[in-house]
Amino acid sequence: MSEERISVRHRDAADLDACVRVLAEVHQSDGYPVNWPQEPLGWLAPPESLAAWVALLDGRIAGHLCLSRARPGDAAPDLWSGRTGTSPEETAVVSRLYVSPKARGHGIGALLLGEAVREARERGLHPVLDVVTSDRSAAALYERQGWTLMATGEQRWGPDRTVQVHSYAAPR
């Protein structure tokens with residue numbers, strides 16, 4: 001049996017269709033994202049994005065992660081700011097992290113997370129994130145990587161939708 005090869009690189013525009021296909025698999029399997037976006041391509045590449053990566057397993061896209069500037073309504077940047085006396089603009093928000101159900105168990109999520117942390121630090125920013133409390137596997141990944149749970153609270157995701165989220169900060 002041949003050994004599977006994993007690589008991580010910056011995402012480019014040509015990757016987006018494959019990223020949406022994998023996202024659809026994840027949504028069907030795990031319910032992530034909680035609300036399927038009307039414009040999946042735009043959701044994967046929000047205007048506040050600083051960088052994004054894809055993970056490849058044997059040459060095929062198997063995972064994705066985006067690093068963005070803080071937006072109004074993101075809980076983690078405000079929590080980090082309150083704890084450290086820094087501005088929320090001194091954080092970078094990790095988001096859009098997902099791994100194909102068929103590619104799990106290879107450490108892909110940890111590799112993507114490591115790239116985002118490295119990039120944030122190179123920019124002089126502290127990585128933070130919000131994750132829905134029902135996503136236990138994601139929370140377990142962050143905790144295995146040494147991230148600190150800062151708080152659990154509610155976020156309004158629409159006029160009739162409130163969700164519970166955990167807010168995490170990367171290790172210093």
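These legends walk through close-up views of a predicted model.

**View 1. The seven-stranded sheet.** Here, 7 strands make up an open sheet with mixed pairing, in the order β1-β2-β3-β4-β5-β7-β6. At its edges stand β1 (6-10) and β6 (148-158); each has a single partner strand, so one side of each lacks a neighbour in the sheet. On average, neighbouring strands are turned by 30° against each other, direction ignored.

**View 2. Where β5 meets β7.** Look here for the antiparallel pair β5 and β7, joined by 5 bridges. Within this view, Asp-130 stands opposite Ser-167 in β7.

**View 3. Helices on the sheet.** Helix α1 (residues 16-30) packs on the sheet and touches β2 (49-57), β3 (60-68) and β4. The direction of α1 makes about 75° with that of β4. Helix α4, for its part, lies across β1, β2, β3, β4 and β5, and runs at about 30° to β3.

View 4. In α5 (residues 136-144), the buried residues are Ala-138, Ala-139, Leu-141 and Tyr-142. Viewed down the helix axis, the buried residues of α5 fall within an arc of 155°, so they line one face of the helix. Their cover includes β4 (91-99), α4 (108-122), β5 (126-132) and β7 (161-169). Arg-136, Ser-137 and Arg-144 are exposed on the other side. Just after α5 comes Gly-146, with a positive phi of about 90°.

**View 5. Ser-100 in its loop.** Ser-100 sits in the loop between β4 and α4. Its relative accessibility is 6%, so Ser-100 counts as buried. Leaving aside residues up to four places away in sequence, Ser-100 touches Val-22, Glu-25, Val-26 and Ala-62.

Notes:
Residues are numbered from 1 along each chain as its sequence is written. This is a predicted model: local features need pLDDT of at least 70, side-chain atom pairs count only at pLDDT 80 or more; totals for chains, interfaces and linings use all residues. Side-chain values use heavy atoms; hydrogens and water are left out. Buried means under 20% relative accessible area, exposed over 50%, partly exposed in between (1.4 Å probe, protein chains only). Helices (H or I, at least four residues) and strands (E, at least two) are DSSP runs, numbered from the N terminus. The arc is that of the directions from the helix axis to the C-beta atoms. Contact means heavy atoms within 4.5 Å. Two strands pair if DSSP finds at least two bridges between them. Axes are lines fitted to C-alpha atoms, for helices over the stretch in contact, and angles run from 0 to 180 degrees between N-to-C directions.
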